[in-house]
Amino acid sequence: MDKRTVAVAITGASGALYAVRTLAALLERECHVELIVTEYGRRLLHDELGDGATVDKLADYLAARYGDGVKKGSFTLYSNRDLGAKLASGSQGCDAMAIVPCSMKTLAAVAHGLSRTLVERAADVMLKERRTLVIVPRETPMSLPQLRNMVLCAEAGAMILPAMPAFYQMPRTLDDLADFMAGKILGALGFTHRLYPSWEG
Ligand SMILES: Cc1cc2nc3c(=O)[nH]c(=O)nc-3n(C[C@H](O)[C@H](O)[C@H](O)COP(=O)(O)O)c2cc1C
């Protein structure tokens, strides 16, 4: 079983379910998660998942939704305003980061290296240190600047993993779709998983 420290950022794009499933799957793998939730990420958690999914209740929410397996891991929540947090430095021990879901605003900031918030700075650190950065953008349709920002991030070394669940695994529930996206993200972060059945041809 992998025991790693991974950074997860939740921003204000639709798809909070993808974020909590990814977080739960990392905790089930005994990871320590360095977690940052932007102001609009907090709003999306509440608006899409309900009163129980506020950041202060997140540990209880994850255990209630996904079971006690999430207690095998741990997470630390950082303020997005704290540019002195360890994630802001290349000397911290996180070798991978996922921004899930990623708003077009945060995408633009990462594409242009703005580093104004902890999410933006931590992503910039991943790129400059040549570590794994997985960006899960969600928007439709997309403007040319948004498409170009994805290209800039990909050119800088990030993996663009759009929030585009597939249907060949015959999903029946929203959780099936979230499992698929979380599985894709875990794979990109370097974990093995069985969150969805592999394609057998
Ligand atoms: C309910 C709701 C849904 C949103 N969905 C999206 C979305 O899917 N994609 C996106 O790029 N922005 C979306 N936004 C807009 C972002 O939240 C907004 O641009 C915000 O400034 C992003 O800030 P952040 O990246 O710091 O979280 C949504 C906003 C709200 C309130």
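Colleague: How many other C-beta atoms lie within 10 Å of Glu30?

Modeller: This is a predicted model, in which local features need pLDDT of at least 70, side-chain atom pairs count only at pLDDT 80 or more, and totals for chains, interfaces and linings use all residues. Residues are numbered from 1 along each chain as its sequence is written. A residue is buried if 20 or more other C-beta atoms, placed from the backbone, lie within 10 Å of its own, exposed if 12 or fewer, and partly exposed in between. Glu30 is partly exposed, because the count within 10 Å of it is 15 other C-beta atoms.

Colleague: What is the phi of Glu30?

Modeller: Most residues other than glycine have a negative phi. Glu30 sits in the loop between helix 1 (16-28) and strand 2 (32-37); here helices (H or I, at least four residues) and strands (E, at least two) are DSSP runs, numbered from the N terminus. Glu30 is not a glycine, yet its phi is positive, at about 65°.

Colleague: Is Met170 buried or exposed?

Modeller: Met170 belongs to the loop between strand 6 (159-160) and helix 7 (174-189). Its phi is also a positive value in a residue other than glycine, near 55°. With 7 other C-beta atoms within 10 Å, Met170 is exposed.

Colleague: What is the radius of gyration of the protein?

Modeller: The protein has 7 helices and 6 strands. The globule rule, 2.2 Å times the number of residues to the power 0.38, is compared with a radius of gyration taken over C-alpha atoms. For 201 residues the rule gives 17 Å, and the value for the protein is close to this, so the protein is as compact as a globular protein of that length, with a radius of gyration of 16 Å.

Colleague: What percentage of the 201 residues of the protein count as buried?

Modeller: The C-alpha trace spans about 40 × 35 × 35 Å along its principal axes. Within the protein, the residues that count as buried make up 44%.

Colleague: In what order do the 6 strands form the open sheet?

Modeller: Two strands pair if DSSP finds at least two bridges between them. The pairing in this open sheet is parallel, and the order is 3-2-1-4-5-6.

Colleague: Which strands stand at the edges, each with a single partner strand?

Modeller: Strand 5 and strand 6 pair in the parallel sense over 2 bridges, and Ile135 has Ile160 of strand 6 as its bridge partner. One side of each edge strand is left without a neighbour in the sheet, because each has a single partner; these are strand 3 and strand 6.

Colleague: Within what arc do the buried residues of helix 3 fall, seen down its axis?

Modeller: Leu58, Tyr61 and Leu62 are buried in helix 3 (residues 58-66). The arc is that of the directions from the helix axis to the C-beta atoms. The buried residues line one face of helix 3, because they fall within an arc of 95°.

Colleague: Against which helix do the buried residues of helix 3 pack?

Modeller: Asp60 and Ala64 are exposed on the other side of helix 3. Contact requires that the C-beta atoms of two residues, placed from the backbone, lie within 7 Å. The buried residues of helix 3 pack against helix 1.

Colleague: How many of the 11 residues of helix 5 are buried?

Modeller: The cover over the buried residues of helix 5 (residues 118-128) includes strand 1 (5-10), strand 3 (74-78) and helix 4. Among those buried are Leu118, Arg121 and Met126. Helix 5 is mostly covered, and its number of buried residues is 9.

Colleague: Which helix gives the most to the shell around the ligand?

Modeller: The ligand is surrounded by 16 residues, the closest being Gly12, Ala13, Thr38, Ser103 and Met104; a residue is near a molecule if its C-beta atom, placed from the backbone, lies within 6 Å of it. Helix 2 (39-49) and helix 4 (104-111) each supply at least two residues of the shell. The greatest share, 5 residues, comes from helix 2.
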